[in-house]
Amino acid sequence: GLDYSDFGIKKHNKYLLKKIKFHKGNILDNQFFINEKFDVVYSKNFAEHVSNYYGFLKIVKSRLKKNGLLVLIVPNELNKFQLEYMRKNKIKKFEHSKFFAPIEHLRYFQPNTLVNSVKSIFKKMEIVSLMTSYPIEQFLLVDDSNYYKKRFFGKIAHKVRVGYMNNIFKQVNKNLVNYMEATAGIGIGRSIILIIKKND
């Protein structure tokens, strides 16, 4: 595991410390686990924060073995439900608005833009899967469940999401994967999960 700070390793990853070897460092310096290549690189909720996103992808490519997998998870911004909410509420600008896109997000992704950005660096690659997670923004479509206007409903929406995902993940099979890939195809879902195989 790689984390930028001691705090991140000791506090957030405490339960993993006995099972996973962590290295403190900046991935953009490419100074971690020197001379090692990996079968899988897993990056969750990082790419939207990194200043040199394409530099990050180049380093990942250089550190993946042939046929290695990159699992990239990022927020699905400007998804269909968010766009509908913006239209109904006459919100003109998405970036750093009161409702969307925290200021610490330096980049915004949708399924197609994520794939295209990765393809620009990984010239020879195979998409193993492109999925999205539970579309929590569906609660914004009606005022009764709008967690921006009724802040208390955010906790309820989160509980619904967790309960839903825990329930459908009791049995992971092709139908579940098909469902999550279909939600990516129609542009809904809170997070994008892209899995690619490096072919060179």
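Strand β3 gives the most to the lining of the largest pocket, with six residues. Keep in mind that this is a predicted model, where local features need pLDDT of at least 70, side-chain atom pairs count only at pLDDT 80 or more, and totals for chains, interfaces and linings use all residues. Residues are numbered from 1 along each chain as its sequence is written, and side-chain values use heavy atoms, with hydrogens and water left out.

**Pocket and cavity**

Two terms to start with. On a 1 Å grid over the protein atoms alone, a cavity is a set of points where a 1.4 Å probe fits but cannot get out; a pocket is an open set with protein on both sides within 12 Å along at least five of seven lines, and lining residues have an atom within 4 Å of a point. Grid points are joined across faces, edges and corners, and a volume is the space filled by probe spheres set on the points. Helices (H or I, at least four residues) and strands (E, at least two) are DSSP runs, numbered from the N terminus.

| Largest pocket | about 970 Å³ | β1 (2-3), α1 (6-12), β3 and α2 |

The pocket lining counts 31 residues, and G1, L2, D3, Y42 and S43 lie nearest the centre. As for cavities, the structure holds one of 30 Å³ or more. Residues lining the largest cavity include Y134, P135, M165 and Y179.

**The sheet**

Now for the strands, which pair if DSSP finds at least two bridges between them. Four of them make an open sheet in the order β3-β4-β6-β5, with mixed pairing. The edges are β3 (38-44) and β5 (125-132), each pairing on one side only. On average, neighbouring strands here are turned by 10 degrees against each other, direction ignored; axes are lines fitted to C-alpha atoms, for helices over the stretch in contact, and angles run from 0 to 180 degrees between N-to-C directions.

Strand β6 (residues 191-198) pairs with β4 (residues 64-75) in the antiparallel sense over seven bridges. There, L69 stands opposite K197, and V74 has I192 as its bridge partner. Seven bridges also join β5 to β6, again antiparallel, with L130 opposite L194. Seven of the eight residues in β6 are buried, meaning under 20% relative accessible area, with exposed over 50% and partly exposed in between (1.4 Å probe, protein chains only).

**Helices and cores**

Which strands does helix α2 touch? Helix α2 (residues 53-63) packs on the sheet against β3, β4 and β6, and its direction makes about 150 degrees with that of β4. Contact here means heavy atoms within 4.5 Å. Helix α6 (residues 174-186) touches β5 and β6, at about 85 degrees to β5.

The buried residues of α2 are Y53, G55, F56, L57, I59, V60 and R63, and they pack against β3, β4 and α4.

A nonpolar core is a set of buried Ala, Val, Leu, Ile, Met, Phe, Trp, Tyr and Cys residues joined through side-chain atoms within 4.5 Å. The largest one has 25 residues, of which Y53, L70, L72, L114, V118 and F122 touch the most other members. Elements α2, β4, α4 (111-119) and β6 each supply at least two residues, and the largest share, five residues, comes from α2. Leaving aside neighbours within four places in sequence, F122 is in contact with L57, V60, K61, L64, L70, I196 and K198. A second, separate core of 21 residues includes V71, Y108, Y147 and M165.
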